[in-house]
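Try each one before reading its solution.

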Amino acid sequence: MKKGHLIGIGIIAIAIVIIMTSIGDASSYESFNTALEMKHDGNDKPIHVVGQLKKDQTGAVTGLNVREDKTSFTFVLVDNDGTEQEVFYNEPVPADFTRSESVVVIGQYKTDDIFIADKILMKCPSKYQETDVQAAGM
C-alpha cells in the first residue's frame, strides 16, 4: 500500500475510536433514585433526569419558589418513576417554564434533600399544534 493510503486508514481508525468513545459517554435519562444512589456511591458525575413539573388538580404548577432577586429558584419535578424531588437552579426562571410539557434537569445531588441542576432543558408545547388540529378538521 501507498504511504498516503496508510495515513488515510489511520485517520479513519482514529475518527471511529473518537466516535465510539463519545457514544459510550452519551448520557441516558435516569431517575432521582438512581441519581441519589450515585451520590451515595461517591459518583458526582452530572446525570440527566426527565420529568414533569408538579401540578395541582387545575393544572397549575405547584412548588415553584423564585428568590426575591429573581436570580435563582426551586421547583418540584416528578420523574418518570413518580418520584417528587425539589430541584434548585441558580439562574433566572426560563421563559415559558411553567408551560413546558417535560423538563430535563442535568446535575447531581449535593445533599440528600435537594437536586442541584446545572442546566435545564424544556420541551414546550408546539405553538402550531392547535393550528394543525384545526387544519386537519377542514
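Contact means heavy atoms within 4.5 Å; helices (H or I, at least four residues) and strands (E, at least two) are DSSP runs, numbered from the N terminus. This is a predicted model, where local features need pLDDT of at least 70, side-chain atom pairs count only at pLDDT 80 or more, and totals for chains, interfaces and linings use all residues. Residues are numbered from 1 along each chain as its sequence is written, and side-chain values use heavy atoms, leaving out hydrogens and water.

**Exercise 1.** Find the buried residues of helix α2 and what covers them.

Solution. Start with accessibility: buried means under 20% relative accessible area, exposed over 50%, partly exposed in between (1.4 Å probe, protein chains only). In α2 (residues 32-40), Phe32, Ala35 and Met38 are buried. Down the axis of α2 these residues fall within an arc of 120 degrees (taken from the directions from the helix axis to the C-beta atoms), so they line one face of the helix. Glu37 and His40, on the other side, are exposed. Finally, the cover includes β1 (29-30), β2 (47-53), β4 (73-79), β5 (84-89), β6 (102-109) and β7 (115-123).

**Exercise 2.** Locate the salt bridge of Lys39 and describe its setting.

Solution. Apply the rule first: a side-chain nitrogen of Lys or Arg lies within 4 Å of a carboxyl oxygen of Asp or Glu. Lys39 meets Asp112 at 3.5 Å, N to O.
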